[in-house]
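Please walk me through this structure in plain terms.

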Amino acid sequence: MNIVLKSFYIFLLISCLFIYTGCTVTTRSVSPDEELHYDEVYDFSDKQIIVKKLIDSLVTKQPLAGGNDRPVVIVYGVANRTSEHISTSGITDDIRQGLLESGKARLLNETQRENIAKETEHQFSGNVLAKTRIARGHQVGAKYMLTGTLRSIEKREPRQFRFKKKSLQYYSLNLELTDIESGLIEWSDKVEVIREASKPFIGW
Amino acid sequence: MKQNDYGKAGLCCRLLNGRLSAALLIGILLIPTGCASPLQNARNEFYSGSPDKAAEILDPNRKIAKRDRLVFLMERGLILHHQGLYKESTSTLLKASRLIERQKIINATRQVGSLVTSELLTEYKGEYSERLWVHTYLMINFLLMRNYEDALVEAKQALQVFERYPEALSDDFFTRGLIALCFETLGLNNDAFIEYKKLAELMLDPTPVARKLYQFGTELGFQEEADLYKKYMPAEEIGRVNKTPYAELVLFISQGKSPEKIPGNIVLPPSIRFSFPQYEDSESSFFNREIIDLSGEYFGDSISTDIGKVVRASFKKRVAGIIAKETARVAAKEVIAQKVGDESHLAVEIILRAFFFILEEPDTRSWQTLPARLTMIRLPLEQADQNMTISIGGEKRIISLSDEEIRSSRRIYRSIRVYN
């Protein structure tokens, strides 16, 4: 077999191997704690990091740290001021969960107020046994309000001759605990995440 | 075998090789001539006043060539918007937006292939203006659905497109006004002021934004700047500017049909054809410039974009690149034709040149369901205003507003399309 033919067969074999390995589907389970980023934009790993740091700060500092009472907090949500469609309700849910698990505060369910009102109206509509009805006017008032803002700044490399384009993405989540009666901010903290990604200009 | 037999065998091989090469090339050339007829049928139905049929034709499960996916998504998104299916329209246009992001990576294989075939082989990436208007319609959809935060996200993405192509898009006043409105809706008056100011600097006559500039300038303490725009306002308006109306109606009005791309050709004998896309003359896009009349009285602010003007400006920015690529394509085809001619019979070369000539088609793909003009009108409402009649280009439309709607949201949005 001459050299040209041999080389051709080796090339064919290597190409088949590449095609086989490139085209097979593989899956693996990923731990929720594993930090995994495919690009520079906000992902679930960022959410975990941000929420964990903020909950740790909230429950270890005044006014929630130290005291024996568990003040009532209402979480009013995180405003999205980034340039991406990020569902901040996921952040809010995790914050609520974290606060509840810490045992340092009691939480009001703001998102279910309409449903609670609907259910209460039904219970007093005349269709429900009186002894099984809830008592009206017993809802608890919140002492503190938790609100936040998610912001981002994006920076891309200017136009120049290169084969890859870099971009820098900065995220920050500011959270505030406000005393509803006095209007004072009793606690505030911020977490920042900065990531750089490099994308090629040319693909196949 | 004798020498003559070898000679004949050699001639046969050369002829066969030449024919095979020509056949292979012709086969490759035929690939990009896939017909875009579902898109064209949908457009025809849309302009005949049957958006439902148009949406049916552009069913999301329909198989569309990857290279036409963006134009499919844009057309479908806009048709769904005008059917009032804002959620579905948003979902489709978000797919278009994500596709535009992915297309930033140049596909080397297709680019090389298009050098010997046609630009139609490459994925359609949209004109700069079309990429902006994906965000424009997303902003409108989100405002109509009262998702103000998502509208703001699209406003910021639209700003990024403006920053990337400032000159090409400088005449798109509607989108800038919409961006300012998105900031204003969330109480970000400082950002809204900045956008209104940019708009005032770009417009020849800043009267449509003078009231907002005066209002926000005064509120934010920029009195000097606010006073600059005071002179554009009627005297009776100055006293009213800080008075909050009972409610506000924001109308997004689409009129007419935007210009289409048509092929242009330059032929150099005997067989070189240099073809390029260009936008048709604006007079043929049947846009009636009749002033919008609102029951004889009109106190609103109106900001408009002439879509034809912006698409042409946006396209002009790409012309140098198009000409360079077309020149390279013509040169590459000429080299191939000459090579085939050297290797095989003259007849094969002639057939190949004829095919190159016929298949040298420019890329005339574009977003054709866009209107000729986009206008935003903001009308203060009094308590009693519940039914309003407006006349746009001779077409009368009645807008009904419910009490509940006005009470729950002091700013109400409506989108209207007229075809003349």
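In what kind of crossing, left-handed or right-handed, does α8(B) pass α9(B)? The model is predicted, and in it the crossing of α8(B) past α9(B) is left-handed.

Chain B has 420 residues, and 38% of them count as buried. Among its contacts between residues at least 6 apart in sequence, 71% join residues at least 24 apart.

Now back to the helix pair. Two packed helices are described by the angle between their axes and by the distance between those axes. Helix α8 of chain B covers residues 148–164 and helix α9 of chain B covers residues 173–185; their axes come within 9 Å and cross at roughly 140°. Because of that angle, α8(B) is oblique to α9(B). On the α8(B) side, the residues that meet α9(B) are Tyr148(B), Ala151(B), Leu152(B), Ala155(B), Ala158(B) and Leu159(B). Their partners in α9(B) are Thr175(B), Ile179(B), Cys182(B), Phe183(B) and Thr185(B). Of the residues in this contact, 9 are nonpolar, 2 are polar and none is charged.

Another helix to look at is α5 of chain B, residues 86–102. With 17 residues at 1.5 Å a residue, α5(B) should span 24 Å, and its end C-alpha atoms are 24 Å apart, so the two values agree. Its buried residues are Ser89(B), Thr90(B), Thr92(B), Leu93(B), Ala96(B), Leu99(B) and Ile100(B). These buried residues of α5(B) pack against α4 (69–82) and α7 (128–144) of chain B.

Definitions and conventions. Residues numbered from 1 in each chain as written. Chains lettered and ligands numbered in written order. Predicted model: local features only at pLDDT ≥ 70, side-chain atom pairs only at ≥ 80, totals over all residues. Helix = DSSP H or I, 4+ residues; strand = E, 2+ residues; numbered from the N terminus. Expected span 1.5 Å × (residues − 1). Buried ≥ 20, exposed ≤ 12 C-beta atoms within 10 Å, placed from the backbone. Contact = placed C-beta atoms within 7 Å. Axes fitted to C-alpha atoms, helices over the stretch in contact; angles between N-to-C directions. Parallel < 35°, antiparallel > 145°, perpendicular 65-115°, else oblique. Left-handed = near helix turned anticlockwise from the far one by under 90°. Nonpolar A, V, L, I, M, F, W, Y, C, P; charged D, E, K, R; others polar.
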